[in-house]
Amino acid sequence: MNTYIKGSTRLIGLLGNPVKHSKSPHMHNLCFEKLGLDYVYMAFGIQDNLIGKSVDAMRILNFKGFNVTMPHKQRVMDFLDEISEDAKIIGSVNTVVNNNGRLIGYNTDGRGFVKALEEEGQGFKDEKIIIIGAGGASKSISIQLAFDGAREVVLFNRTTHKAQEISDIINKEMPNSKARALELDEKILKKELKDSKVLINATSIGMKDTIDKSVITSPNILHKDLFVADIIYAPSKTKFLFQAEEVGCRTMNGTSMLLYQGALAFKMWTGKDMPIEDVKERIF
Ligand code: NAP
């Protein structure tokens, strides 16, 4: 039993559905304990129609903040007092900070990915980046990469209009970067990859039910100078990453993105740096 919970302990939460699989409670509580911080992190499975009431509960119980995950990342924005500029552009919030009663929404997903890329020593500024997928995660990552200096972002998606929507946002909001949306066709992908250094899988292909599948049919479309990232972290090596290794590409899975989006939130809530090495050793 935890003996560090006291009358003064402040709550931090996770609102999502489902949340049972989440590593966030383990990650944050380990860090609170390690640094002797008077917080505790709890996960709450919240039905779609109850997100507004749940945010009210966070206010009433004076939570220091909370994370938000699927399916509430967009809808939660209606119930907050302020949204950061980048979260407004991305159109979703994954971290909320209670600043003296005002709930402020941020998005740390894209910044978590950029930090992970930097940790690998992989440059992206002034480069052409290719992203497969146009869901919520792709949107955060592609907008953040453009915001932080990628020269060009090319989005491939099964449903092309979703890639087009992200591309339009980048072209409108970030004049120093340009974006294009293309249909998910391997011949076109291979051609676009020739002058690109970074390829990212931001689809869900390769996890759980599709563990034996990859977003590409053959590794032949890749080249060995590519840095290949998959944002899936379970399994730790997707079929897509095995294909990339076959060609000799450097690779990265989604664990560091997960870790750094959490570390950014941790800093916002506590003002302290997350003890990253402890988290890597004990959790990932
Ligand atoms: P999402 O909004 O549901 O988007 C799913 C994406 O996958 C869409 O682009 C979708 O294409 C594509 N897709 C799904 N099944 C497909 C198929 N059979 N063929 C082609 N494309 C397919 O999900 P998300 O929130 O962006 O998450 C995507 C993945 O990222 C998940 O695996 C999630 O676990 C992971 N993730 C990791 C982190 C991290 O910290 N590492 C953070 C967030 C998410 P359509 O648009 O055509 O449907």
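**Group meeting: a walk through the model**

Let me start with a serine: the side chain of S214 reaches the backbone nitrogen of I216 at 3.1 Å. That is a polar contact, meaning a pair of N or O atoms within 3.5 Å; within protein, one must be able to donate a hydrogen and the other to accept it, and residues adjacent in sequence count only if both atoms are side-chain atoms.

Before going on, some housekeeping. This is a predicted model, where local features need pLDDT of at least 70, side-chain atom pairs count only at pLDDT 80 or more, and totals for chains, interfaces and linings use all residues. Residues are numbered from 1 along each chain as its sequence is written, and side-chain values use heavy atoms, with hydrogens and water left out.

Back to S214, then. You will find S214 in the loop between β10 (198-201) and β11 (227-230). Helices (H or I, at least four residues) and strands (E, at least two) are DSSP runs, numbered from the N terminus. Is S214 buried or exposed? S214 is buried, because its relative accessible area is 15% and buried means under 20%, with exposed over 50% and partly exposed in between (1.4 Å probe, protein chains only). A second polar contact, of 2.5 Å, joins the side chains of S214 and Q243. Not counting residues up to four places away in sequence, S214 touches I205, K239, F240 and Q243, where contact means heavy atoms within 4.5 Å.

Next, an aspartate. D230 sits in strand β11, and D230 counts as buried because its relative accessibility is 0%. Its side chain makes a polar contact with the side chain of T238, at 2.7 Å. Leaving aside neighbours within four places in sequence, the residues in contact with D230 are N201, T238, F240, L241, M252, N253 and G254.

G254 brings us to the ligand. A polar backbone atom of G254 is 3.0 Å from a nitrogen atom of the ligand. As for ligand oxygen atoms, one lies 3.0 Å from a backbone N or O atom of G136, and a polar backbone atom of S204 is 3.3 Å from an oxygen atom of the ligand. On its own the ligand has 920 Å² of accessible area, and the protein covers 75% of it; these areas come from the Shrake-Rupley method with a 1.4 Å probe. Which of the 20 residues around the ligand come nearest? They are A137, N157, T159, K162 and M207.

Now for helix α1, residues 24-35. Its 12 residues reach 16 Å from first C-alpha to last, close to the 16 Å expected at 1.5 Å a residue; the expected span is 1.5 Å times one less than the number of residues. Among the buried residues of α1 are M27, L30 and F32. Cover for the buried residues includes β1 (10-16), β2 (39-45), β3 (65-68), α9 (255-270) and α10 (276-282). After α1 comes G36, with a positive phi near 65 degrees.

Finally, β5, residues 95-99, where 4 of the 5 residues are buried. β5 pairs with β3 in the antiparallel sense over 3 bridges; two strands pair if DSSP finds at least two bridges between them. Here F66 stands opposite V96 in β5. β5 also runs antiparallel to β6 (residues 102-106), joined by 5 bridges, with N99 opposite R102 in β6. The hairpin of β5 and β6 has 2 residues between the strands, and N100 takes a positive phi near 50 degrees there.

Thanks, everyone!

Notes: A residue is near a molecule or strand if one of its heavy atoms lies within 4 Å of it.
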